[in-house]
Amino acid sequence: MKFESAVQTFLDHLTIERGLSSNSTAAYKRDLKKFETFLSKTDYSFDNLSEEQIMEFEVWLKAQTLSVSSINRNISALKSFYKYCSQEFEIINPLSHVLSSQVPRRLPKALTVKEIASLIEATKRQSNPISLRDHAIIEMLYGTGARVSEIVGIDLNDFSENTVDGTFVTTIKLRGKGSKERIVPLGSFAKSALDEYLVRIRPGLVAKSKSPRAQTALFLNQRGTRLSRQSAWQIISDAADLTGLSGKVSPHVFRHSYATHLLDGGADIRVVQELLGHSSVTTTQIYTLITIDKVREAYATAHPRAN
């Protein structure tokens with residue numbers, strides 16, 4: 001079997017059977033393309049490789065000046081590919097005993113509550129009416145802990161309103177990685193910003209739309225079609241420029257800040273895990289390290305016998 005055919009079959013498997021998003025599948029394709037380039041520079045056949053030859057590929061990746069995390073991602077993609085090939089085509093898996101390199105643990109960067117507020121206020125101060133949409137997007141990013149891709153994927157029918165113990169609660173369905181769905185509550189600030197966008201801005205954007213399918217999307221662009229992930233990120237970037245936070249803002253910064261501030265406020269880590277959509281609490285635990293650092297800092301500053 002040719003390598004290209006095996007890769008395409010594997011990518012189809014990821015999309016159809018495992019339900020991975022187009023972005024995730026594209027990432028696998030890019031990593032396997034690197035492996036194809038490596039094979040083209042040798043006389044190795046992908047269906048008859050040894051563990052030592054896989055190590056050669058890892059050395060080759062290092063020569064491309066890739067970071068340890070990028071190399072690990074490539075090896076991880078290759079492991080998934082060969083595991084699939086060994087089951088489907090009875091190809092010997094040369095990565096069954098290959099381990100990933102240790103990556104120094106980096107804490108996700110979270111903004112302070114004051115910095116988050118300044119980003120939100122930056123969109124409100126704009127005179128352009130479309131800024132009401134931008135304001136709603138940023139309020140929802142921080143108010144739900146959603147990824148940018150999840151926010152732009154929201155449809156109008158993803159909202160629900162219920163009464164819990166006499167309190168009116170609005171929830172929203174988010175579609176995460178691997179098409180996993182989760183329900184998160186919507187706070188009053190995000191709901192207020194969203195209502196203003198829905199009443200004052202969205203009807204005018206819908207009127208510009210030529211596609212009935214686009215009308216189901218919550219956030220629309222100036223042409224009346226669903227807002228793209230790139231456009232949403234540009235909105236965040238513009239707000240960062242206005243507040244002098246350009247170097248501190250990333251696409252995930254609201255998600256990191258959401259998790260950190262919840263834990264700082266006393267939220268149970270299992271609850272935060274559910275809200276973020278993490279399959280394992282281990283992934284969520286990295287945020288507790290930030291909180292522990294703050295406790296240590298407060299102790300060192302305030303306790304008379306800390307030093």
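1. The aromatic pairs come to 17. Rings of Phe, Tyr and Trp (its six-membered ring) pair if their centres lie within 6.5 Å; planes under 30 degrees apart are stacked, over 60 edge-to-face, the rest tilted.

2. This is a predicted model: local features need pLDDT of at least 70, side-chain atom pairs count only at pLDDT 80 or more, and totals for chains, interfaces and linings use all residues. Residues are numbered from 1 along each chain as its sequence is written, and side-chain values use heavy atoms, without hydrogens and water.

3. Phe 35 and Phe 57 pair edge-to-face, 5.0 Å centre to centre, with 75 degrees between the planes. The pair links distant parts of the chain, 22 residues apart: Phe 35 sits in helix 2 (residues 22–40), Phe 57 in helix 3 (residues 51–63). Helices are DSSP runs (H or I, at least four residues), numbered from the N terminus. Phe 35 is buried at 1% relative accessible area; Phe 57 is buried at 0%. Buried means under 20%, exposed over 50%, partly exposed in between (1.4 Å probe, protein chains only).

4. Phe 81 and Tyr 82 have ring centres 5.3 Å apart and planes at 75 degrees, so this pair is edge-to-face. Phe 81 is buried, at 0%. Tyr 82 is buried, at 0%.

5. Which residues of helix 5 are buried? They are Glu 115, Ile 116, Leu 119, Ile 120, Ala 122 and Thr 123.

6. The buried residues of helix 5 pack against helix 6 (131–144), helix 10 (229–243) and helix 11 (253–264), where contact means heavy atoms within 4.5 Å.

Technical notes
Helix = DSSP H or I, 4+ residues; strand = E, 2+ residues; numbered from the N terminus.
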